[in-house]
Number of protein chains: 2
Amino acid sequence: MGYPDHLRTQVDIYLADVQFAHDGDLAGLTEAMRYSLLAPGKRIRPVLALATALAVGHDPREVMPLAAALELIHTYSLIHDDLPAMDDDDLRRGRATCHVEFGENVAILAGDALYAEALRHIVVHQGGDPADLLAAIGRLAAATGVDGMVGGQYLDVKELAPAGPDGLRRLHALKTGRLIAASVQCVLELFPAGEPETIMFGRFASELGVLFQIVDDILDVTGTDAALGKPSGSDARHGKRTYVSEHGLERARELATASHEAAQAALHGAAPAGAPELEQITDFIYTRTS
Amino acid sequence: MGYPDHLRTQVDIYLADVQFAHDGDLAGLTEAMRYSLLAPGKRIRPVLALATALAVGHDPREVMPLAAALELIHTYSLIHDDLPAMDDDDLRRGRATCHVEFGENVAILAGDALYAEALRHIVVHQGGDPADLLAAIGRLAAATGVDGMVGGQYLDVKELAPAGPDGLRRLHALKTGRLIAASVQCVLELFPAGEPETIMFGRFASELGVLFQIVDDILDVTGTDAALGKPSGSDARHGKRTYVSEHGLERARELATASHEAAQAALHGAAPAGAPELEQITDFIYTRTS
């Protein structure tokens with residue numbers, strides 16, 4: 001099985017057209033935002049959102065503004081994570097990081113602006129019942145706040161995750177898992193499913209975040225710089241705890257396999273009639289090499 | 001006339017109780033957020049929101065969650081503005097700035113988290129018609145995005161405002177004015193007024209943002225460190241263009257008087273029956289010494 005590239009293409013076309021502001025004197029800011037936003041990527045979060053819409057019987061185009069907003073938010077988090085005061089990374093998605101290219105001040109502001117513009121984009125462009133839309137925004141806010149992405153990054157930079165696999169799992173559940181899970185769940189806010197399906201979708205989405213991170217840690221050890229678009233081995237150089245540092249490579253691979261199976265099982269429970277695009281993404285996250 | 005301190009007290013009591021997360025390992029992050037959020041301040045934006053509710057005949061408590069969110073967003077912008085890569089300020093509201101106290105990485109994340117938590121707070125706690133609430137969130141997003149607060153800060157740090165008073169006015173309209181205006185306007189989204197009143201409220205709110213900035217620039221020259229809670233003369237040291245550097249102190253004072261009169265006139269048009277708290281805030285912004 002491949003990746004749902006038809007969905008990714010739709011995302012890429014849409015993202016290239018997203019407008020921030022027309023003001024000439026702000027062009028340098030929007031250029032920095034676009035530079036990071038439009039760097040080649042798998043668009044896992046927006047593609048997940050579109051695939052979730054398909055899985056519950058809707059046209060994916062109905063949630064495209066929400067899907068695009070997820071990528072804006074993800075890009076903001078990458079820009080801020082790469083800053084000198086944070087992970088201090090120079091390379092991302094095969095390009096110089098935002099602060100290397102545009103300066104640290106512009107990078108901070110580009111990240112800040114991407115979050116605000118993600119929100120504005122949803123309010124202006126995403127159709128749907130206002131109460132459902134509010135609930136979807138609530139999901140995004142929670143997934144990106146203290147008990148979400150930013151909290152996870154805090155545990156990461158301060159090296160505060162408790163020792164042992166549970167601590168590591170919690171760190172990644174916050175840092176990566178919450179936004180990946182929200183990519184599925186915010187679509188379900190717009191297209192409510194039955195309660196058991198919603199629970200299983202939630203389990204699927206959470207597990208997918210864990211799977212993503214285990215494979216990420218493995219690739220940091222086994223991948224090549226060229227394939228990753230950033231230097232491999234960067235976790236070890238930063239002294240970061242990873243699934244590999246914690247468990248060794250072989251055990252990390254076993255954990256990835258177990259997580260993949262758990263995600264598949266949850267997906268079958270959530271969409272008994274099948275959800276081929278979500279299955280493709282699940283398999284892709286497990287087997288990807290970059 | 002004084003300041004509507006009864007409204008400020010309500011805001012302070014409410015802010016002290018805002019919860020971010022209960023997780024022990026995230027306490028360092030929420031401590032940094034609270035440190036900046038709860039530093040003494042005039043709470044101009046939330047008090048404006050409460051006063052606007054009063055002006056259109058509502059109990060201010062009805063918009064308290066929205067008002068609190070405005071202060072969270074304002075605090076996030078202060079934390080990021082103070083960062084070494086931005087204005088590099090060590091003192092704010094009479095205290096060491098967030099990055100001096102907690103480190104640059106935590107300060108960046110505290111700012112990021114405050115925005116997400118502001119949004120989450122509105123979705124979870126602010127009552128009202130969902131469509132109106134969405135419109136209010138849209139106001140906040142627009143006021144804080146590229147064509148708003150972050151764009152204004154970009155023009156400021158990159159020294160990109162066009163020469164002359166119009167350039168300076170545009171910079172401040174984005175950087176400060178948009179969020180101050182939104183403090184009035186997002187309340188009107190929840191309690192719609194007639195069209196002429198809404199237009200006049202919009203004019204009032206924009207002018208208030210301008211007035212705030214002119215007085216801020218004057219105080220940077222005439223104020224004492226103790227009164228300001230930060231070193232006076234910091235604009236000049238940073239080589240910043242201000243109303244004073246552009247026009248001289250005397251002319252800046254005349255501009256403040258004109259702006260104060262314009263704001264008053266717009267307010268009388270917006271609330272012909274009177275809006276004493278909004279008048280108090282307008283006068284306070286004009287006559288404040290810190």
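Tutor: To compare the copies, they are superposed by least squares on the C-alpha atoms of residues with pLDDT of at least 70 in both. The model is predicted. In it, chain B is brought onto chain A by a rotation of 180° with 0.0 Å of shift along the axis, at an RMSD of 0.0 Å. The two copies are thus related as by a two-fold rotation axis. Within chain B, Pro130(B) has the C-alpha nearest that axis, at 2.7 Å. The copies meet through the same surface, because 100% of the interface residues of chain B are also interface residues in chain A.

Chain A itself contains 15 helices and two strands. Its radius of gyration is 18 Å, close to the 19 Å that the globule rule gives for 290 residues, so chain A is as compact as a globular protein of that length. Of these 290 residues, 53% count as buried.

The part you asked about lies in chain A, where helix 10 (residues 195-222) packs with helix 15 (residues 276-287). Their axes are 8 Å apart and form an angle of about 25°. Angles under 35 degrees count as roughly parallel, so helix 10 of chain A is roughly parallel to helix 15 of chain A. From helix 10 of chain A, the residues Leu208(A), Leu211(A), Phe212(A) and Val215(A) meet Thr282(A), Ile285(A) and Tyr286(A) of helix 15 of chain A. By class, this contact has six nonpolar residues, one polar residue and no charged residues.

Conventions:
Residues numbered from 1 in each chain as written. Chains lettered and ligands numbered in written order. Predicted model: local features only at pLDDT ≥ 70, side-chain atom pairs only at ≥ 80, totals over all residues. Contact = placed C-beta atoms within 7 Å. Helix = DSSP H or I, 4+ residues; strand = E, 2+ residues; numbered from the N terminus. Rg over C-alpha atoms; globule rule 2.2 N^0.38 Å. Buried ≥ 20, exposed ≤ 12 C-beta atoms within 10 Å, placed from the backbone. Axes fitted to C-alpha atoms, helices over the stretch in contact; angles between N-to-C directions. Parallel < 35°, antiparallel > 145°, perpendicular 65-115°, else oblique. Nonpolar A, V, L, I, M, F, W, Y, C, P; charged D, E, K, R; others polar.
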